[in-house]
Amino acid sequence: MEARIGMRNIKSNIFKGIIVFFAFLITVPLVIILLYIIKQGAGQVNWKFLTGTPAPVGEAGGGIANALVGSFVMVMTASVVAIPVGMAAGVYLSENPRTKLAYYSSLCVDILQGVPSIVVGIVVYFWLVKPLGTFSALSGSIALAIMMLPIVIRSTEQTLKLLPDSLKEAALSLGVPYHRVILKVTIPCGFAGILSGITLSIARVIGETAPLLFTAFGSPFVSAALGKPMESLPHLIFTYATSPYDDWHNLAWGASFILLMFVLTLNIITKVITRKWKIQL
Amino acid sequence: MFCIRNPKFVENKRLKLSNSQLKWEILFKRILIAMSILLVLIILGVLATLIIESMPSIKALGFGYLWGKVWDPVQNIYGAYPFLIGTLLTSFIALIISVPFSYAIAIYLGEYNPKGWLSDLLKNTVELIAAVPSIIYGFWGLFVLVPMVRELEMKFHVLPYGIGILTASLILAIMIIPYGASLGISLIRMVPSPLKEGAYALGATRFEVIRSVIMPYTRSGLFAGVLLSLGRALGETMAVTMLIGNTSTIPSSIFAPGNTMASVIANEFTEADHTEYLSALIELGLVLFFVTVVINLIGKRIITRFTNN
């Protein structure tokens, strides 16, 4: 008997050892990747890199201002489209969870969450690029907005569902009209949760390349015109990383470093918000 | 007096105010409904666009399209079989590699060490892996992983491409670990403690509790997590495009270069110069859309059933 319990304990400990080993092994590739990007990219970043446009083949130097401006413009435009739409749909889903429309749109959010980003790219190509006759930043923004929607909707819905009903009932019993209750009571109370959803969605789409391949396309010029092709950070990394020139690789490493920093910062902001207001996403 | 002489005036003023409020209220509700309808329209629009635009290829090629073994746009021959195989191979290899990791993370953070700085650290690591853009994984893979795989291939005496199915699967495996893991953590934490305590009271060791209480209880949920990561892996584009080698032949081994459905679209969509070529690519997108949607919905359904129980 003694011996058997000893064996079982040993087995249990071995199992724990295996679990701990596998669980922590995952930090290795992440640390390697982060360190490698920082090593290769941090040295590239200087004032000229941030403000210049890419140099022609064979010339060292050059910058990524076109991609920085482009990413900023497109993500902003996407947010302007996706945040109001997403919040409205999220409010609807949390307010009327049992209607038929809520069932179908909730189903559609689930579907949208799983749609491969490249498919979004194809579809937006036929919605906007082909009718307008040109690749444009607008179509890229719309593609990104579609990618943002599910996260914004789900975070709005889930935060608002957690709020106590008495809050809304109190406001309604004072005779406050429904839309003012939502806008002035419910949404401000759940603001932190919604905000963390928004930052999370921005962090996700800022690194999206696939939907931009056939929509924003890319351009070597600094421009803020929504009707014209526009470069973005991930797209610039893709074109330069797959090119055969060392100078361009260096540009791409620098751009990767900047993109990584953006994504990390946005994730840390999300973390801080959720921790401060104790939200669970 | 004023009221008696002119009662309508007072009434009207109040009415007017509440009327305008009422209008706003109705408008607000309509906007909410419209936005929810918009979502449904987006999905229907995506589906309609994909079907309409792939019509020429569906008509011309029929169902044989999926089993055609040759993809040669120059000769106008389109068969999706090589990409089907490429997609399935990369996804399943990635899944096999990633499942032990995501299960281990789920068990460790769900059962062994749910609180404290060490578990926070690991949890943040997992979230960070999900946050890094796929283009960065691809870029890193191209410059670090490819030479490593090439060394490996030299040792095995196969053609040292470096890029290929295996390289893409390795990166894909890292990328999909968080999806199974984060779901698994919350599911394992939902196991009722009376169940576990009962097992401990009977003298079970920790391993036995995990094996015969936690695992059976969470099996369906963990399977759903695997499904969701599979959905991710199937649709992942950029990292795979950069690492898989982009050849339209059926991969002869896991070291050989190939192509997935997503990577073909990414590579050839802007080059497709005639209708049939383009619509053949879109049909790939349609297939991809259907497969990922079905997998995701099944996964979500399992999770809802699990959490409702």
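In soluble globular proteins, nonpolar side chains tend to be buried together.

The model is predicted: local features need pLDDT of at least 70, side-chain atom pairs count only at pLDDT 80 or more, and totals for chains, interfaces and linings use all residues. Residues are numbered from 1 along each chain as its sequence is written, while chains are lettered from A and ligands numbered from 1 in the order in which they are written.

Which residues does B:Ile171 touch, not counting residues up to four places away in sequence? They are B:Tyr137, B:Gly141, B:Leu145, B:Ala239 and B:Leu243. Two residues are in contact if their C-beta atoms, placed from the backbone, lie within 7 Å.

### Where the chains meet

The chains touch through 66 residues of chain A and 64 residues of chain B. On the chain A side, helix α1 (residues 2–25) gives the largest share, twelve residues. By class, that side has 49 nonpolar, 13 polar and four charged residues. Ala, Val, Leu, Ile, Met, Phe, Trp, Tyr, Cys and Pro count as nonpolar; Asp, Glu, Lys and Arg count as charged; the others, Gly among them, count as polar.

### Domains

Each chain has a domain assignment, with bounds from an automatic or database source. Chain A is divided into domain 1 (2–43) and domain 2 (45–276). Their C-alpha centres are 34 Å apart. The contact takes five residues from domain 1 of chain A and six residues from domain 2 of chain A. The domain 1 side of that contact has three nonpolar, two polar and no charged residues.

Chain B is assigned domain 1 (2–61) and domain 2 (64–308). Here the C-alpha centres lie 40 Å apart. Ten residues of domain 1 of chain B and twelve residues of domain 2 of chain B make the contact. The domain 1 side has seven nonpolar, two polar and one charged residues.

Helices are DSSP runs (H or I, at least four residues), as strands are (E, at least two), numbered from the N terminus. The expected span of a helix is 1.5 Å times one less than its number of residues. The bend at a residue is the angle between axes fitted to the seven residues ending there and the seven starting there.

| Helix | Residues | Span | Expected span |
|---|---|---|---|
| α4(A), 65–95 | 31 residues | 44 Å | 45 Å |
| α7(A), 137–162 | 26 residues | 37 Å | 38 Å |

α4(A) bends by about 25° at A:Ala82, and A:Pro84 follows within four residues. This helix is largely enclosed by the rest of the structure, because 22 of its 31 residues are buried.

α7(A) bends by about 35° at A:Met148, with the proline A:Pro150 following within four residues. α7(A) is mostly covered, as 23 of its 26 residues are buried. A:Ser155 sits in this helix.

A:Ser117 lies in helix α6 (residues 117–132) of chain A. A:Ser117 counts as buried because it has 25 C-beta neighbours inside 10 Å. A:Ser117 touches A:Met147, A:Glu208, A:Ala210, A:Pro211 and B:Thr237, not counting residues up to four places away in sequence.

Most residues other than glycine have a negative phi, and most peptide bonds are trans. B:His157 has a positive phi, near 55°. B:His157 is in the loop between α6 (134–156) and α7 of chain B. With 7 other C-beta atoms within 10 Å, B:His157 is exposed. Phi of B:Asn246 is also positive, near 55°. B:Asn246 is in the loop between α10 (238–243) and α11 (261–268) of chain B. B:Asn246 is partly exposed, because it has 19 C-beta neighbours inside 10 Å.

Technical notes. Buried ≥ 20, exposed ≤ 12 C-beta atoms within 10 Å, placed from the backbone.
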